[in-house]
Amino acid sequence: MKIYFAAIVLMTISINSYAKEIYRAPSSGDRGTYYVLSHEKIENGIIKVMTSRVGKGNEYTDFTEIKINCASRKYFELAGSNEDGAQEKPSKPLKDWSGQSKWTSLVAGSSKYDLVQFICKK
């Protein structure tokens, strides 16, 4: 029974660590931790990505869903939300931002720059 329980725990840890990949660690200029929660190819070189940013001291979590074009190195924000505390996934629907969004060029050193570099090298 103990071996069975240990196997279940190890499988759960492996699945959770694979599903949540860190792409930007806290730094002196930005104390948040950035994660890729999911990513999927949706069309001709476009990848849809769900990310989270856990703020300093686990005070809040921002969720963002974006499309990334690896060929042009641009991104398009689809939706987002903000929740109190450190959250693994959104507990409420994301707000649709696509109507106000556009394909945006990267700024070196930004969190979106780091995200696009991380996703497009996979």
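In which strand does Ile-47 lie? In this predicted model, where local features require a pLDDT of at least 70, side-chain atom pairs count only at pLDDT 80 or more, and totals for chains, interfaces and linings use all residues, Ile-47 belongs to strand β3, which spans residues 46-54. Residues are numbered from 1 along each chain as its sequence is written, and side-chain values rest on heavy atoms, with hydrogens and water left out. Helices (H or I, at least four residues) and strands (E, at least two) are DSSP runs numbered from the N terminus.

Ile-47 counts as buried because its relative accessibility is 10%, the term buried meaning under 20% relative accessible area, exposed over 50% and partly exposed in between, with a 1.4 Å probe and protein chains only. Leaving aside residues up to four places away in sequence, Ile-47 is in contact (heavy atoms within 4.5 Å) with His-39, Glu-40, Lys-41, Ile-66, Lys-67, Ile-68, Cys-70 and Ile-119.

The pairing of the strands was examined next. Strands β3 and β4 pair in the antiparallel sense over 9 bridges, two strands being taken as paired if DSSP finds at least two bridges between them. Within this pairing, Ile-46 stands opposite Asn-69 of β4. The two strands form a hairpin with 5 residues between them, in whose turn Gly-57 has a positive phi of about 70°. On β4, 8 of the 10 residues are buried, so that the strand is mostly covered. Strand β4 is also joined to β5 (residues 74-84) by 10 bridges, again in the antiparallel sense, with Thr-64 opposite Gly-80 of β5. The hairpin of β4 and β5 has 4 residues between the strands, and Arg-73 there takes a positive phi near 60°.

A nonpolar core is defined as a set of buried Ala, Val, Leu, Ile, Met, Phe, Trp, Tyr and Cys residues joined through side-chain atoms within 4.5 Å. The largest such core has 15 residues, and those with the most contacts inside it are Tyr-23, Val-36, Val-49, Ile-66, Ile-68, Leu-115 and Ile-119. At least two residues of this core come from each of β2 (33-43), β3, β4 (60-69) and α2 (111-120), and α2 gives the most, with 5 residues. Another core, of 5 residues, lies apart from it and includes Tyr-35, Leu-37, Met-50 and Phe-63.
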